[in-house]
Amino acid sequence: MSAPIDVSFFERAAKPLTSYKPYWAKRFGAAPFLPMSRAEMDQLGWDSCDIILVTGDAYVDHPSFGMAVIGRVLEAQGFRVGIIAQPDWQSAEAFKALGKPNLFWGVTAGNMDSMINRYTADRKIRSDDAYTPGDVGGKRPDRAAIVYSQRCREAYKDVPIVLGGIEGSLRRIAHYDYWSDKVRRSIVVDSKCDILLYGNAERALVEVAHRIAAREPVENITDVRGTSFFRRASEEGWFEVDSTTVDEPGEVEPHINPYMTTSEQAEAQGQSCAKEDAEKQGANASAAAPAAACGSAAASASAPTLSNVQPLQFVPNLSLRHKSKMPARDRTVLRLPSFEEVKSDPILYAHANRVLHLETNPGNARALVQAHGEGATARDVWMNPPPIPLTTAEMDWVFGLPYARSPHPAYADENGSHEGATKIPAWEMIRTSVNIMRGCFGGCTFCSITEHEGRIIQSRSEDSIIQELEDIRDKVKGFTGTISDLGGPTANMYRLGCKSPQIEAACRKPSCVFPGICPNLHTDHGPLIKIYRRARKLPGIKKILIGSGLRYDLAVKSPEYIKELVQHHVGGYLKIAPEHTEAGPLGKMMKPGIGSYDRFKQLFEKFSEEAGKKQFLIPYFIAAHPGTSDEDMMNLAIWLKKNGFRADQVQTFYPSPMATATAMYHSGRNTLTKVRRQMRDEAEERVDIVRGEKRRRLHKAFLRYHDPNNWPLLREALKTMGRSDLIGNGKQHLIPTFQPLVDGSYQSARKKNSTASKGGTGLGYTTNKDGKAVAMAPRRPQEQQEPKGDVRFRTAQPKSGQLLTQHSGLPPRAGVRAGAGKPGQAKKSGPARKGSR
């Protein structure tokens, strides 16, 4: 039933990565680490670097770090590659540390967008950075890709700049910038780079590198897929389709009454029949106009001369969908509304964003062009179609390169370790994890994976994955036998794809699983189950956990996979992301209904019980997503309380550049449907946008309905919504009538990004019959307990200084049995139950 992804035409559509003739510097061989200093270059015997990579992350030589992958790929092609990691951007001096690159600069902001890395969803500055030694924030500038490009140009003006990474990828056209609340130009304009590579760029980068090495001017490299660049005028031989406007319905003309005579029709329009006028005047009207012609007498008297008649021009009719009558897609370019137009018109912005997302399938995508500037300064930003996905053999080659799988020695402490003050949290998280695939066909509107990696799944072979597991076992210092993750962007999309290569290449749907799973998508989890079973048998591997996000609507199609996952690869808790419970926001997210979650939960609990394990699901939800009403959040809060969940860390919608939900946020229109100025169905095309600090706080407060700090805001909102029935001290109520003394803060799972709660005193206030606040006496322990609810998801009170888990409603990891004892009464400490971490 299953059909391997690499059977599709994509395998034959591009030159293999390993087919290029190596550059002459191949003779130097592979370096233990790519050099970060002149001293390291001297040890390698290099007098210069062919390519210098500049990144906003610390250099970790691991295949989960983009710069390490790019560096090793270029090294395998024979180039001498140096890295400048997190340089001081205040001047160009730090960018001269390795000398002048012979070929080009490679610039990226890092694995994360620098603005998302630096600011929270409420635009507050983060004090930490997981990609920096010691988790220290502020080691990279805002909009790092732009700043680094400018400094590279200052350091060596004549060296080409090749920009890449997710920050550049998601800003390749004019985009809404959440932090400045305006539309910004393409990053190609602001960075002044010579060429931008978007997406996973190994294929484009290898070709560009070899062509620059062959002394081809970078401005002439305009035919590489997955690239974007400046162009003064359209290329000859291309057919340009104008998509700069949205359809505006014109005036509707009334239907002609067939029972009226010609003269009556003319009279109804305020005109007269030319034939009758001529007969009345006794003139020879037939010489001046056809006998049957009707129209204005004045118009007939002023017929145009032959000299004023313009010849008709015929152009292809794009409404004719027959292949023989359509221009070739590989020579067609769509002209988007200009930057100036989308900046001033949110409707045109929504239209441009929709067109871009429709042109993301490498099998049928067309080139895009967008004008920036006016008059003599006008230039086009040209975007070639997305890159051809890597084949399984190419994926194996990329992940099989000689990575050191550890941070650069420059970050080690005095003991030569990376475990102390110089620990890099992002590396610590993935040091024992294995990436088995790329891409995602889920199409969630708030996520940018599809825009960056594409929706064609690119999978590694089974042997390649097993080899990396063995490398971790044998080479990673301090390995305890536990693999933290065996996944990717989505854990269970390995080798899933379209049953038909022809349909896959022609499809333009943004998602293969929304509003339902496509009948052309095979959902056989057999290859993934086989990998799990083979990996567990490896000597020295004690436990393999699945830490990546799980697409549960796909998983329920394979109960055998859920059984394998639940009984062998869950360490007590499994994270999944329903995101919401209500149809309105779920439709704007392109996520499945909560019914899919319920079916998965039933299977999860069934197989956990069969294995004799107590295991729990951790659902994640988003507050303030476009299309979410206050009533939606209230219903979500009721669902959370009914099911016994208490969210500790709240995820608020973050408008990342180029995401579909971000276009909704900016324009207020649903870009999942055709964008129009005059909406046919306002309920379908108009999107409820959660703006303003107060309303965003309210939506977050509904997710944390159990936090006394949020109760005053929730009481006010519930009364306004006419739902005072949810305020009370019973089990059926959402929040109580009493109010403890609170400080307005809460303790988040992220220590450095939150204000520690001072804790309650048991004192509170209420109102007397005059409406004045009066102090309440301390309540007895039994009174302080909220309704019991589902005790499986409750936690004993944490000790002073102890942090809660992601959801404070989860069972304790050790020392307390779920559901045992009276509410508020902790059991004596003992060994952790089987299956907990």
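Predicted model: local features only at pLDDT ≥ 70, side-chain atom pairs only at ≥ 80, totals over all residues.

Residues are numbered from 1 along each chain as its sequence is written, and side-chain values use heavy atoms, with hydrogens and water left out.

Helices are DSSP runs (H or I, at least four residues) numbered from the N terminus. Helix α2 (residues 66-76) packs against helix α7 (residues 202-213) at about 45°, and their axes are 10 Å apart. Axes are lines fitted to C-alpha atoms over the stretch in contact, and angles run from 0 to 180 degrees between N-to-C directions. The two helices are therefore oblique to each other, a class left over once angles under 35 degrees (roughly parallel), over 145 (roughly antiparallel) and 65 to 115 (roughly perpendicular) are set aside. In the contact (heavy atoms within 4.5 Å), V69, I70, V73 and L74 of α2 meet E202, L205, V206 and A209 of α7.

A search of the whole structure gives nine cavities of 30 Å³ or more. A cavity is a set of points on a 1 Å grid over the protein atoms alone where a 1.4 Å probe fits but cannot get out, and lining residues have an atom within 4 Å of a point. A volume is the space filled by probe spheres set on the points.

| Largest cavity | Value |
|---|---|
| Volume | about 250 Å³ |
| Lining | 22 residues |
| Given by α15 | four residues |

P386, P387, H452, E453 and G454 lie nearest the centre of the largest cavity. The elements giving two or more residues to its lining are α7 and α15 (449-453).

Key: 1 Å grid on protein atoms, 1.4 Å probe; cavity = no way out; pocket = protein on both sides within 12 Å on 5 of 7 lines; lining within 4 Å.
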